Amino acid sequence: MRPANECLIVIDVQNDFCPGGALAVEGGDQVVAPINALMGDFPAVVLTQDWHPDNHASFAANHPGRSPFEMIELAYGPQVLWPTHCVQGTGGAAFHASLNTDRADMIIRKGFRPGIDSYSAFFENDRTTPTGLDGYLKTRGLDTLTLVGLATDFCVAYSAIDAARLGYSVTVIESACRAIDMDGSLSAARDNMEKAGVTLA
Ligand code: VGL
Ligand code: ZN
């Protein structure tokens, strides 16, 4: 078991990001077995869950004439338009059936405000609205984080970079992550994580 200040953060291992899902990440389901195995080593485990209302501003379907994977400008800046995914209460928003959710001390939901997306587990895409996770980790004395899950180049990378900026020691285990990888987003995310001081393992 790792020391008491260490936490495993499992990002968005949900059906819609796995093969057959609405925003499927290639090999997304392959992260489940290594993540379940890692849980046994950590004294604390947090899961995140992408959790959108069906009128969410990140869905291309809510912008007539626009298509998934186009960019638009929202009040807080540029935003990728996604296929409708992880709608609250649907099977697509549920965790992968084989993910061991019993080990989770905390499940943090994000992206539930209709007008703002949330890739990071710490801040929404305006970079200022907090999710509350920082307070949870700090009040439990968890200062050393290992991140795994989906997708490497969006929610995992944004979470890792925010965590490093907030002063956590952060490692991403890439073999327990999979990427969307659109327009070079994976190599950009890896560069940005390294610049932010995140360890890529
Ligand atoms: C994610 C795009 C939209 C992710 C969530 O979990 O990486 N990506 N919503
Ligand atoms: Zn989403």
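Colleague: In helix 3, which residues are buried?
Modeller: This is a predicted model. Twelve of the 14 residues of helix 3, residues 152-165, are buried, so the helix is largely enclosed by the rest of the structure. The buried residues are T152, D153, F154, C155, V156, A157, S159, A160, I161, D162, A163 and A164.

Colleague: What covers the buried residues of helix 3?
Modeller: Both strands and a helix take part. The cover includes strand 1 (6-11), strand 4 (77-80), strand 5 (106-110), strand 6 (144-150) and strand 7 (169-178). It also includes helix 4 (185-195).

Colleague: Which residue just after helix 3 takes a positive phi?
Modeller: The phi there is about 100°. The residue is G167.

Colleague: Which side of helix 4 is buried, and what do its buried residues pack against?
Modeller: The buried residues of helix 4 are S185, A189 and M193. They cover an arc of only 70° around the axis, which puts them on the same side of helix 4. The buried residues of helix 4 pack against helix 3, strand 7 and strand 8 (199-200).

Colleague: Which element gives the most to the lining of the largest pocket?
Modeller: The largest pocket has a volume of about 450 Å³. The elements that give two or more residues to its lining are strand 4, helix 3 and helix 4. With six residues, the top contributor is helix 3.

Colleague: Which lining residues lie nearest the centre of the largest pocket?
Modeller: The lining of the largest pocket has 24 residues. By class, 14 are nonpolar, six polar and four charged. Nearest the centre lie Y119, D153, F154, Y158 and N192.

Colleague: What is the volume of the largest cavity?
Modeller: The count comes to one cavity of 30 Å³ or more. The volume of the largest cavity is about 100 Å³.

Colleague: Which lining residues lie nearest the centre of the largest cavity?
Modeller: The largest cavity is lined by 14 residues. Nine are nonpolar, three polar and two charged. Nearest its centre are F17, D50, H85, Y119 and C155.

Colleague: How many residues apart in sequence are the parts that the W82 and F154 pair ties together?
Modeller: The count comes to six aromatic pairs. W82 and F154 form one that is edge-to-face, 5.1 Å centre to centre with 90° between the planes. W82 lies in the loop between strand 4 and strand 5 and F154 in helix 3, so the parts tied together are apart in sequence by 72 residues.

Colleague: Is W82 buried or exposed, and what of F154?
Modeller: Buried means under 20% relative accessible area. At 3% relative accessibility, W82 counts as buried. At 9%, F154 also counts as buried.

Colleague: How many residues apart in sequence are the parts tied together by Y119 and F154?
Modeller: Y119 and F154 form an edge-to-face aromatic pair, 5.4 Å centre to centre with 70° between the planes. Y119 lies in the loop between strand 5 and helix 2 (133-139) and F154 in helix 3, so the pair joins parts whose separation in sequence is 35 residues.

Colleague: Which residues form one aromatic cluster with F154?
Modeller: Both Y119 and F154 are buried. With F154, the cluster is formed by F69, W82, Y119 and Y158.

Colleague: Which residues is D12 in contact with, leaving aside its neighbours within four places in sequence?
Modeller: D12 lies in the loop between strand 1 and helix 1 (32-39). At 0% relative accessibility, D12 counts as buried. Its contacts are F17, T48, Q49, D50, K110, L150 and C155.

Colleague: What distance separates the C-alpha atoms of D12 and F95?
Modeller: Along the chain, D12 and F95 are 83 residues apart. Their C-alpha atoms are separated by 7.6 Å.

Colleague: Is D102 buried or exposed?
Modeller: D102 is found in the loop between strand 4 and strand 5. Its relative accessibility is 74%. Exposed means over 50%, so by that cut-off D102 counts as exposed.

How values were computed
Residues are numbered from 1 along each chain as its sequence is written. Chains are lettered from A and ligands numbered from 1 in the order in which they are written. This is a predicted model: local features need pLDDT of at least 70, side-chain atom pairs count only at pLDDT 80 or more; totals for chains, interfaces and linings use all residues. Side-chain values use heavy atoms; hydrogens and water are left out. Buried means under 20% relative accessible area, exposed over 50%, partly exposed in between (1.4 Å probe, protein chains only). Helices (H or I, at least four residues) and strands (E, at least two) are DSSP runs, numbered from the N terminus. Contact means heavy atoms within 4.5 Å. On a 1 Å grid over the protein atoms alone, a cavity is a set of points where a 1.4 Å probe fits but cannot get out, and a pocket is an open set with protein on both sides within 12 Å along at least five of seven lines; lining residues have an atom within 4 Å of a point. Grid points are joined across faces, edges and corners, and a volume is the space filled by probe spheres set on the points. Ala, Val, Leu, Ile, Met, Phe, Trp, Tyr, Cys and Pro count as nonpolar, Asp, Glu, Lys and Arg as charged, and the others, Gly among them, as polar. The arc is that of the directions from the helix axis to the C-beta atoms. Rings of Phe, Tyr and Trp (its six-membered ring) pair if their centres lie within 6.5 Å; planes under 30 degrees apart count as stacked, over 60 as edge-to-face and the rest as tilted.
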